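Visitor: Hello! Could you show me how to read this model, one feature at a time?

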Amino acid sequence: MHYPKYDKIERYPAEQTIAFTKPSAEWGIFSNFAKTPMTVNGIEFACVEQMFHYIRLNNEEERSEYLKLIPNMGLKMKAKTFEKRGVERADWRDIAVDVMRFCLNHKYQNSAEFRKALSDSDGRFIVEDESNRKPDSWGAVLDAATNEYYGKNIMGRLLMELREKGKLEYQLPSDIHICGKPILKT
């Protein structure tokens, strides 16, 4: 995944940061697994994670099967097999952040609880806390020595941008479809 805008490792003082992990924890509404139903082109998605990986798939049969999964960590575990099984879009690494922007826009439009939490977080940094798992580009980890979170924190940065602007810009290929129809720019 190459998005030069997010290549830099950022640091966030822990005392000024809202760190989220899972939906059941404090600030869990920021999690991609938080139950925030959204409907796009007639397909109901239970959460951002489900919509994100649905778009990642390159064929309708796989998409139908994926929608049958219970929206929990099973979604993420199944998604980890997409590339190896050859069912991931060939351009996925180039479009993943824009797809997440699309998904977060829908979450924002459809969830008053999410909008309120973003508003309530004003003045603080937002970080997806990956301290208890293998970190990736989406979040950050806590450095106990400095009491700072550090990492690319793409998810936190997207959430802070959404909080500030009320909408995220994205560019998606025209061949991305949901239920056989192109997704429309919101």
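Guide: Gladly, starting with helices. Helices (H or I, at least four residues) and strands (E, at least two) are DSSP runs, numbered from the N terminus. The expected span of a helix is 1.5 Å times one less than its number of residues. This is a predicted model, where local features need pLDDT of at least 70 and side-chain atom pairs count only at pLDDT 80 or more, while totals for chains, interfaces and linings use all residues. Residues are numbered from 1 along each chain as its sequence is written, and side-chain values use heavy atoms, with hydrogens and water left out.

Visitor: What span should helix α7 have at 1.5 Å a residue?

Guide: Helix α7 (residues 154-165) has twelve residues and should span 16 Å; its end C-alpha atoms are 16 Å apart, which agrees. Just after α7, Gly166 takes a positive phi of about 80 degrees.

Visitor: How many residues of α7 are buried?

Guide: Buried means under 20% relative accessible area, exposed over 50%, and partly exposed in between (1.4 Å probe, protein chains only). In α7, nine of the twelve residues are buried, among them Arg157, Leu158, Leu159 and Glu161. Contact means heavy atoms within 4.5 Å. The cover over the buried residues of α7 includes β1 (10-13), β2 (17-20), α5, α6 (112-120) and β5 (125-128).

Visitor: Which residues have the most contacts inside the largest nonpolar core?

Guide: In soluble globular proteins, nonpolar side chains tend to be buried together. A nonpolar core is a set of buried Ala, Val, Leu, Ile, Met, Phe, Trp, Tyr and Cys residues joined through side-chain atoms within 4.5 Å. Here the largest one has 53 residues, and Phe30, Ile55, Leu104, Leu158 and Leu159 have the most contacts inside it. Helix α5 (residues 92-110) gives the most to this core, with nine residues. Leaving out residues up to four places away in sequence, Phe30 touches residues including Ile18, Phe20, Phe114 and Leu159.

Visitor: Is Arg89 buried or exposed?

Guide: Arg89 is buried, because its relative accessible area is 9%. Arg89 sits in the loop between α4 (82-85) and α5. A polar contact is a pair of N or O atoms within 3.5 Å; within protein, one must be able to donate a hydrogen and the other to accept it, and residues adjacent in sequence count only if both atoms are side-chain atoms. The side chains of Arg89 and Asp91 make such a contact (2.9 Å).

Visitor: How many disulfides does the structure hold?

Guide: A disulfide is a pair of cysteine sulfur atoms within 2.5 Å. The structure holds zero. The cysteine sulfur closest to that of Cys103 is in Cys47, 9.7 Å away, so it is too far for a bond.
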